[in-house]
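Here's a quick tour of a protein model with its ligand.

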Amino acid sequence: MSQQITVTEHLLLHQRKNPMATGRFTRLLSELILSAKIVSREVNKAGLVDVLGFTGDVNVHGEEVKKLDEYANRILIHRMSRSGMLCAMASEENADMIEIPLGLPTGEYVLIFDPLDGSSNIDVNVAIGTIFSIYRRKSPPESPVTPEDLLQKGSEQVCAGYFLYGSSTMMVYTTGEGVHGFTLDPGVGEFLLSHPDIKIPEQGKIYSVNEGYEAYWDEPTREVVRYFKSTTNAIKRPFSLRYIGSLVADFHRNMIYGGIFMYPVDNRTSGKYRPKLRLLCEASPMALLAEQAGGMATDGVGRILDIEPEHLHQRVPLFVGSIRDVEMVKTIYERARKG
Ligand code: P6P
């Protein structure tokens, strides 16, 4: 019989190995897992109940909020507020920091999340996901939470991961000791260890970028993408293009198969070159996972995990995946900067 290890058992194992780890962190992740199970249940029947479609509201980024987005956000805020482990939260769907309601117990952690990333795919049954990032607060306990508690660089994360609502529901996470994947067994309602110690192949064969925006890219970005389509690249043949339009799904594929996911700056919305993906709730957690799995993540210049956030919804360019491919991207941009 295969060794069925649940996330909780895996966490306890981690806790025993890391004397600094406390049961409080395990409790925090257990609450997050319960939230994801509730979201997964709704995502898996989205086609059956009136959860589809737009709420008519827009989020802080001016994007239409679909009911499932809103539902997932509400579930996470409600449950995690009651975990007793957090002093504050931030969500991709909320403009400002989310405080823990008065009267509820608080703790030393900060949770930042994208409740349902890839939501534009909800109505067409394409895999979507929840991305999470956990920090320790910087300010003294019992004192008011400060912006610095949330605006921490990615290398300060104590945990990062995602839930992928696809052909099966998966949880992939790291606490700095490798990356481990669990698959939900709906029969018993447990996430069971299915992908221990995930490692991204050093050299990929897949590139993932929205080629439809080529007209809006700067020349160095066009050169980067040409590299992956050429016959003179590291594998001496064009990479395969795979683009789902759901970061968690594209990223997860590259974690398993290898490859590079790219979201460069483009000038399609304002005439100025701007990034789209958010640093705190998308790029930083994915960057920690990638590095822990032997990969790399850059904004085209430096390490994503070294970026000091200036505001909650800061956006960055993201190139993440197989280390050789990401290093080539940095080389091409550096060559362009030197002229
Ligand atoms: P585009 C989803 O909205 C998201 O934030 C990521 O999940 C995804 O990788 C990206 O945007 C897709 O953006 O502009 O290609 O549709």
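**Around the ligand**

The ligand has 15 residues around it, and the closest are D117, Y213, Y243, L247 and Y263. Keep in mind that this is a predicted model.

*Ligand contacts*

- Sorted by class, the shell around the ligand holds 6 nonpolar, 4 polar and 5 charged residues.
- Y213, one of the closest residues, puts a polar side-chain atom 2.7 Å from an oxygen atom of the ligand.
- L247 is also on the closest list, and here a polar backbone atom sits 2.8 Å from a ligand oxygen atom.
- How much of the ligand does the protein bury? On its own the ligand exposes 400 Å², and the protein buries 87% of that.

*The nonpolar core*

- The largest nonpolar core has 50 residues, and the members touching the most others are Y162, F228, F251, M255, M262 and I304.
- Helix α7 (residues 279-292) supplies the largest share of this core, with 7 residues.
- Where does the core lie relative to the two domains? Domain 1 (7-195) and domain 2 (206-338) both contribute residues, so the core lies between them.

*Helix α7*

- Most of α7 is covered, with 12 of its 14 residues buried.
- The buried stretch takes in L279, L280, C281, E282, A283, S284, P285, M286, A287, L288, L289 and A290.
- After α7 comes G294, which has a positive phi near 85°.

*L305 in its loop*

- L305 sits in the loop between β14 (296-298) and β15 (318-321).
- Is L305 buried or exposed? L305 has a relative accessible area of 1%, so it counts as buried.
- L305 and S322 are 17 residues apart along the chain, and their C-alpha atoms are 16 Å apart.

- H10 is part of helix α1 (residues 7-17).
- With a relative accessibility of 12%, H10 is classed as buried, because the cut-off for that is under 20%.
- Which side chain does the H10 side chain contact? It makes a polar contact with the side chain of Y173, at 3.0 Å.

*Positive phi away from glycine*

- As background, most residues other than glycine have a negative phi.
- D197 isn't a glycine, yet its phi is positive, at about 50°.
- You'll find D197 in the loop between β10 (190-195) and β11 (206-208).
- D197 is partly exposed, because its relative accessible area of 41% falls between the 20% and 50% cut-offs.
- K236 isn't a glycine either, and its phi is positive at about 60°.
- K236 belongs to the loop between α5 (219-229) and β12 (240-241).
- K236 has a relative accessible area of 59%, and exposed means over 50%, so K236 counts as exposed.

Definitions and conventions. Residues numbered from 1 in each chain as written. Predicted model: local features only at pLDDT ≥ 70, side-chain atom pairs only at ≥ 80, totals over all residues. Heavy atoms only, no water. Near = heavy atom within 4 Å. Polar contact = N/O pair within 3.5 Å; in protein donor to acceptor, adjacent residues only side chain to side chain. Areas by Shrake-Rupley, 256 points an atom, 1.4 Å probe, with all protein chains shown as cover. Nonpolar A, V, L, I, M, F, W, Y, C, P; charged D, E, K, R; others polar. Core = buried A, V, L, I, M, F, W, Y, C linked by side-chain atoms within 4.5 Å. Buried < 20%, exposed > 50% of the residue type's maximum accessible area, 1.4 Å probe, protein only. Helix = DSSP H or I, 4+ residues; strand = E, 2+ residues; numbered from the N terminus. Domains from an automatic or database assignment.
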